[in-house]
Amino acid sequence: MRKPIIAGNWKLHKTVDESVDLANQLKAALADVKNVEIIVAPVFTALTAVAQAVNGSSIEVAAQNCYPAVSGAFTGEVSPSLLKNAGCNSIIVGHSERRQLFNESNAFINAKIKAIHAAGARAIFCIGETLTERESGRMFDVLKRQINEGLVGLDAEAMGGVVVAYEPVWAIGTGKVASNEQAQEAHAFVRGVLSELFATEVAAATRILYGGSVKPDNVDGLMAMPDVDGALVGGASLKAEDFARIVRFQQG
Ligand code: PEP
């Protein structure tokens, strides 16, 4: 059984105080939730304060990015081990905003995933096609390439520390969610590629999250799909009530 993960990506939003306030609200609202892994990803400056705020609860903290080095002359960058030290167990990599706005390549994302593994943290590895790629029939090729190049050099053991997030670029921040069937089709394909790359057991054990305009009113249908193991939530993770309802998705 794959335990569902609901992760909130707060992007470039909220001060330290606002982040702690949201974390405290979620801690109170979700104290009884046992069957779902809950993750929040605040901005770098709020990581430690949020990690302290959720201490003692089942909410975990993730970073939104990292640099693939342990330390050194990399002005402005933060390493996976320092993020772990700040209280993060997981780190998001390959988000489409970083691929598009900061030209991050599959090779660079692969280096980050390896660095995250070496630091003993978990990578939330985002992949997804643009609308043009989908409409021109290249979706499966794009996903396969992102997976193959993003995970090259990793073994089955390292895959224990990787969560995949399928985030169609056309659905992120647009309010245009993938249909349940579109999500399932992509997730089943991703699992098949993982199975070819590693082994069926590795693919079967890997959590694949859906991301792209997940809201309280569409999460239930998405989570009912057999290969959808959770959600990576942007906009709706900024309001405690909405995120709490997403965490409490209704099954079946
Ligand atoms: C995201 O940022 O990963 C995301 C899915 O955003 P939204 O839920 O706002 O579409």
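Tutor: A polar contact is a pair of N or O atoms within 3.5 Å; within protein, one must be able to donate a hydrogen and the other to accept it, and residues adjacent in sequence count only if both atoms are side-chain atoms. This is a predicted model, in which local features need pLDDT of at least 70 and side-chain atom pairs count only at pLDDT 80 or more, while totals for chains, interfaces and linings use all residues. Residues are numbered from 1 along each chain as its sequence is written, and side-chain values use heavy atoms, with hydrogens and water left out.

Student: Which atoms lie 3.3 Å apart at Asn9?

Tutor: They are a polar side-chain atom of Asn9 and an oxygen atom of the ligand. An N or O atom in the side chain of His95 is 2.9 Å from a ligand oxygen atom, and for Gly234 a backbone N or O atom lies 2.8 Å from an oxygen atom of the ligand. Of the 290 Å² of accessible area that the ligand has on its own (Shrake-Rupley method, 1.4 Å probe), the protein covers 97%.

Student: Is Pro80 buried or exposed?

Tutor: Buried means under 20% relative accessible area, exposed over 50%, and partly exposed in between, with a 1.4 Å probe and protein chains only. Pro80 counts as buried because its relative accessibility is 1%. Leaving aside neighbours within four places in sequence, Pro80 is in contact (heavy atoms within 4.5 Å) with residues including Tyr67, Ile91 and Ala119. Pro80 and Tyr67 are 13 residues apart in sequence, and their C-alpha atoms are 7.1 Å apart in space.
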